[in-house]
Amino acid sequence: MARAGNSLGVGRKSKRAWTRRKAHKSNVPEDTPTELEWARMDKYSAVAGGWNADTDSDSDSDISGSTGSSSSFSPEIMELRKGDDVIMLCGDKAKTDDVWIGKIDSIRARAEHDVWVRIGWYWASLDIAEYIKSFESTTFAPLERASSDNFDFVPVEDCIRATHVYEYDESDLEPPDLEPTSYFVRSHLWYKRRHLEPKPGALSCICFRAYNPFPKVLLESLLDEDIMHFCPRSSCRRWYHRNCLLAQGSVDHPYSNYRGDRGVRLLSVNPDDSAPCALLAWYCEPLAPSDPEYSMSLDPVDLRSAISGNDHISLAHLPPALVRVAQFPIVRRPGPRHACWSAVGNVTEVTLARRFIYAAFEGLYPGGRQYAEVEELVKQAGELEHRVRGLDVDMVRDGEDQSLVKQENTLLDDLLELIKSLDTYTFLASPYSPYWAARELQLDEDVEAMAAPPLVCPNPDCNNAI
Ligand SMILES: [Zn+2]
Ligand SMILES: [Zn+2]
């Protein structure tokens, strides 16, 4: 099937009446393969424009190398591959947010025009609500789905078009940049157990109220209710409602109780570690009333002052906007992107900026201590490689003096050791200046829009500024 001239989606099977008996179950065509039959059918890794029979029974065949050049394929004919997310034929739901979506688990055929796919269903909120009575459908965004272990065999003609379903892990430091038009999953439905994991809100805040990134009602006041702050510390990685933290008093002590200002304290929370950044930790400990500095009402110091005593540290190579963003709180707010707000938040940008600063603290910048060490290692590796090339081992024949071969092996071992030692350094690409230059222009706006109260992480083991 699906050679040029054959069209998908308008075949005999797609004209079946769609009387839904229960969620995700269309009336099953009479010729649907049984499990036994499926096991014997020919496997494919893709369908479109011509497909190969499976010559290797252990692996699925691929479309590549199939008959005909790609130029002979009709542009309207899509290619579907194993692992693709696809919009499925779903009758009256086709133009709604509840459109059926599946993931192609496998592709098999009885004959050229008799191709079937095994689909793992993505469940929409209304379908889950029908299936699990305790499920509250408003906790899901309209285009949110739950992946599932609920599979069906369906004719390939039921696959309307490929799409992409993003995986959204809310604790992720680099979440996908979701828009209201993005399909995404953040939970899994265990079909037979009627169990959704994690339950909406199970990992959220201290109130366990689920966060809906794209609610149907977009009232500003309602969206503000759901403003959340993130603690990126590796052993926290949790979002908290601003209002919940204010209500329970998870807020800073008066500023004079810390040596570092809020920016320094935010920057010290390391997304890649459970301990605060060592260089700044001293500035983040609350001062005890017994501490002589406590009664001196000293102004907390900013980042420049905090690192001024360390001659070997320089932030001069970093764009000023990056240094400021690293000291931002990590926040999100539901709804479409608006000013500094986005539904997944500024976590990626702030994390990246903090990592650049920590790398600078470790001397990884042009002229820095680590930078010089890395340069030296790269130079040594280059010299070793040059010596290996100079040995001309290829000219040594069997039975001749093997000392050259031994020399080469020793040099290669040394080279491997050098490469391993480079692994101990953290490498970041250099900051992209045009991005940070443009970013500089919005920063004041961001700070004003966020107007963040001085919250602290409610985890008693943490209590860092967030
Ligand atoms: Zn809360
Ligand atoms: Zn924390």
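These legends describe close-up views of one predicted model.

Residues are numbered from 1 along each chain as its sequence is written, while chains are lettered from A and ligands numbered from 1 in the order in which they are written. In this predicted model, local features need pLDDT of at least 70 and side-chain atom pairs count only at pLDDT 80 or more, while totals for chains, interfaces and linings use all residues.

**View 1. The whole chain, with its confidence.**
The chain holds 13 helices and 15 strands. Helices (H or I, at least four residues) and strands (E, at least two) are DSSP runs, numbered from the N terminus. The mean pLDDT is 83, and 86% of residues reach 70 or more. Here pLDDT is the predictor's confidence in each residue, from 0 to 100. Over residues 1–22 pLDDT stays under 50, and the model has 41 contacts beyond four places in sequence for them. Residues 62–75 also stay under 50, with 18 such contacts. Two residues are in contact if their C-beta atoms, placed from the backbone, lie within 7 Å. Of the contacts in the chain with a separation of 6 or more, 65% come from residues 24 or more positions apart. Buried residues make up 30% of the 466 residues in the chain. A residue is buried if 20 or more other C-beta atoms lie within 10 Å of its own, exposed if 12 or fewer, and partly exposed in between; the C-beta atoms are placed from the backbone.

**View 2. Strand β4 and its two partners.**
Strand β4 covers residues 85–88, and its side chains alternate. Val86 and Met88 point to one face and are buried. Three bridges join β4 to β5, and the two run antiparallel. Four bridges join β4 to strand β9 (residues 159–163), again antiparallel. Two strands pair if DSSP finds at least two bridges between them. Val86 stands opposite Gly102 in β5. Val86 also stands opposite Ala162 in β9.

**View 3. Gly102, a buried residue in β5.**
Gly102 lies in strand β5, residues 101–111. Gly102 counts as buried because 26 other C-beta atoms lie within 10 Å. Leaving aside neighbours within four places in sequence, Gly102 is in contact with Val86, Met88, Ile119, Gly120, Trp121 and Tyr122. Asn150 is 48 residues away along the chain, and its C-alpha atom is 10.0 Å from that of Gly102.

**View 4. Arg161, an exposed residue in β9.**
Arg161 lies in strand β9. Arg161 counts as exposed because 12 other C-beta atoms lie within 10 Å. Beyond its neighbours within four places in sequence, Arg161 is in contact with Met78, Val86 and Ile87.

Three strands form an open sheet in the order β14-β13-β15, with antiparallel pairing. The edge strands are β14 and β15 (331–332), each pairing on one side only. Four bridges join β13 to β14. Phe230 has Trp239 in β14 as its bridge partner.

**View 5. Helix α9 and what covers it.**
Helix α9 has 15 residues, 347–361. At 1.5 Å a residue the helix should span 21 Å, and its end C-alpha atoms are 21 Å apart, which agrees. The expected span is 1.5 Å times one less than the number of residues. Buried residues of α9 include Val347, Val350, Arg354, Ile357 and Phe361. What covers the buried residues includes β13 (228–231), α5 (262–267), α6 (278–284) and α8 (320–325). Gly363 follows α9 and has a positive phi, near 85°.

**View 6. The largest nonpolar core, and a second one.**
A nonpolar core is a set of buried Ala, Val, Leu, Ile, Met, Phe, Trp, Tyr and Cys residues joined through C-beta atoms within 7 Å. The largest has 42 residues, of which Ile357 and Ile466 touch the most other members. Elements that give two or more residues to this core are β13, β14 (238–241), α5, α6, α7 (303–307), α8 and α9. Helix α9 gives the most, with eight residues. Beyond neighbours within four places in sequence, the contacts of Ile466 include His229, Phe230, Val269, Pro329 and Leu455. A second, separate core has 41 residues, among them Val117, Phe140, Tyr183 and Val185.
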